[in-house]
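Grab a pencil and work through these exercises with the structure open beside you. Each one sets a task and then walks through a solution.

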Amino acid sequence: MLYPLKFKPLYKDYIWGGRNLAKLGKPLPAEGIVAESWEIACHKNGSSIVANGCYEGVPLPDLITMLGRELLGESLPPQDIEKFPLLIKLIDAEDNLSVQVHPDDAYANEHENGEYGKNEMWYIISAKAGAKLVYDVVPGTTRESFAEAVAQNNVESCLKTVEVFPGDVINIPAGVVHAIGKGIILAEVQQNSDTTYRIYDYGRVGRHLHIDKALEVIDFNSAFRKEKYAGIELSLSEGCRKRVVVANKYFCTEIFDIDGTVAETADGSKFIIFVFTAGEGQLIWEDSRMSVTAGESVLIPASLGHYSLTGRCTALKTFKADIQKDVITPLKTAGIPEERIYSEIAGLSQR
C-alpha cells in the first residue's frame, strides 16, 4: 500500500538553538533547546519513523527495505537505494552557528568512512530585521592568508556576510565556507551526510574545530560566486505557481506557492518530498486526502501515481532530478532562454 508519508520529527539540541520552531507548529518538548528538526532522515545519527497510516511506527530504513523502488523510484542509482540520498531539516538559529565547510563526495568517501559529501541549500522561512549569514570568503582570500587568520584568531576578517529575508534561497556547494546567523529560521535540503568541519565558533569553548580538514576542502575561488538565487517562475494553474531554484546532480528544489489546486504525478521514477513552510492545505490521492500545514514534511512514494495539492500554502518540492528531462527541457518548452536557465537556477551554472 502506498500513500503520502509523514514522519515524527527528530530533534537536535545544539547550543545555538532556541524554541522558535514552535512558531511553525512543531510540537516541541516541554523544555530545552531545539536547534534542528530532522524532518526526513535515514542516517546512522538519526532516522525518521513513520507517523501516519498503516506503516506508522516503521523506521524509514525498514520501510525502504520493505518497499524498495516502489518507494524510492526506478531512476535512482543503486547507492541511493542502499543509502537514502537526502536529509531534510528545519533549523532555528537563536544564536550564530559555527563557521564551517563541508567536503565533497570524493573527500568524504576517503576520509569519513564512506560518508556522502555535503551539498546543501537553504530556504529562509523567517529572519529578524538585519539578520545575516556567512557565505563564502572575501574575494582574494587564499589558503595561506586564511590559515594565518585562523592562527591569529582573526577569521571574521576573511568572511563575507549577506543580509537575508524570508523567501531567499541560498545554495551551498561543498567547499563553500558558511554559517547561519542568529535570528534566522530556515529549511535545509542536503545530501544525506552529517559531516561538518568547524572553522570558527565565536569564542565558544568545548566544541572541537577541524582546521586541517577544512583547509583541505575549502574552495577559495569565490570571486564570482552568487549568494542568492531567485530562480525561474512558472505558472502551475490558476492561483498557483512555482520557482525552480536549485538543480544539481544531488537534488532539485522548487518553491510552490499554492492558492488553489495543483495536479501532480508520481510516475515511478523518483520519490518527492514536500516541506511546508507557510499556510495549510490538503494532499489528495485516489479516494483519500490528508491535511498538511506549515512545519510538516511529506514524502510522496515514487509509484503513488496521480495526486493533487490544494489549499493556500507555500512548500519546497525536492527530488532527485534528471536535469535534462525534469528541468531544462520543460523550461525551454515554456519559452525560457537557455542563458536564463543556466544563470538563474543554482547548480546549473556550476556545470
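**Exercise 1.** Is Tyr-202 buried, partly exposed or exposed?

*Solution.* Before we start, note that this is a predicted model, where local features need pLDDT of at least 70 and side-chain atom pairs count only at pLDDT 80 or more, while totals for chains, interfaces and linings use all residues. Residues are numbered from 1 along each chain as its sequence is written, and side-chain values use heavy atoms, with hydrogens and water left out.

Step one is the scale: buried means under 20% relative accessible area, exposed means over 50%, and partly exposed is in between, using a 1.4 Å probe and protein chains only. Step two is the value: Tyr-202 has 28% relative accessibility, so it counts as partly exposed. Step three is the place: Tyr-202 is found in the loop between strand 14 (197-200) and helix 6 (211-217). Helices (H or I, at least four residues) and strands (E, at least two) are DSSP runs, numbered from the N terminus. Finally, check the backbone: phi of Tyr-202 is near 55°, a positive value in a residue other than glycine.

**Exercise 2.** Which strands pair with strand 17 (residues 252-266)?

*Solution.* Pairing takes at least two bridges found by DSSP between two strands. Begin with strand 16 (residues 240-247), which pairs with strand 17 in the antiparallel sense over six bridges. A hairpin through four residues joins strand 16 to strand 17. To find your place, look for Val-244, which stands opposite Glu-254 in strand 17.

Next comes strand 21 (residues 305-319), which pairs with strand 17 in the antiparallel sense over 15 bridges. Ala-263 has Ser-308 as its bridge partner in strand 21, and Glu-264 has Tyr-307.

**Exercise 3.** Stay with strand 21: how many of its 15 residues are buried?

*Solution.* The count is 11 of 15, so strand 21 is mostly covered. Now look for another neighbour: strand 18 pairs with strand 21 in the antiparallel sense over 12 bridges. In strand 21, Leu-316 is the bridge partner of Val-275.

Then zoom in on Thr-310, which is found in strand 21. Leaving out residues up to four places away in sequence, Thr-310 touches Gly-260, Thr-261, Gly-281, Gln-282 and Ile-284; contact means heavy atoms within 4.5 Å. Take Gly-281 from that list: it is 29 residues from Thr-310 along the chain, yet their C-alpha atoms are separated by 5.5 Å.

**Exercise 4.** In what order do the six strands of the open sheet run?

*Solution.* Read across the sheet and you get 2-3-6-13-8-11, with antiparallel pairing. At the edges are strand 2 (10-12) and strand 11 (169-172), each of which pairs on one side only. Inside the order, strand 6 (residues 86-93) and strand 13 (residues 184-191) pair over eight bridges. Lys-89 has Glu-188 in strand 13 as its bridge partner.

**Exercise 5.** Which residues do ring pairs link into a cluster?

*Solution.* Rings of Phe, Tyr and Trp (its six-membered ring) pair if their centres lie within 6.5 Å. The whole structure has nine aromatic pairs. Ring pairs join Phe-256, Phe-274, Phe-276 and Tyr-307 into a cluster.

Charges can sit over rings too: NZ of Lys or CZ of Arg must be within 6 Å of the ring centre and within 35 degrees of the ring normal. Lys-12 does this over Trp-38, its charged end 4.4 Å from the ring centre. Lys-83 does it over Tyr-116, at 4.2 Å.

Definitions and conventions
Rings of Phe, Tyr and Trp (its six-membered ring) pair if their centres lie within 6.5 Å; planes under 30 degrees apart count as stacked, over 60 as edge-to-face and the rest as tilted.
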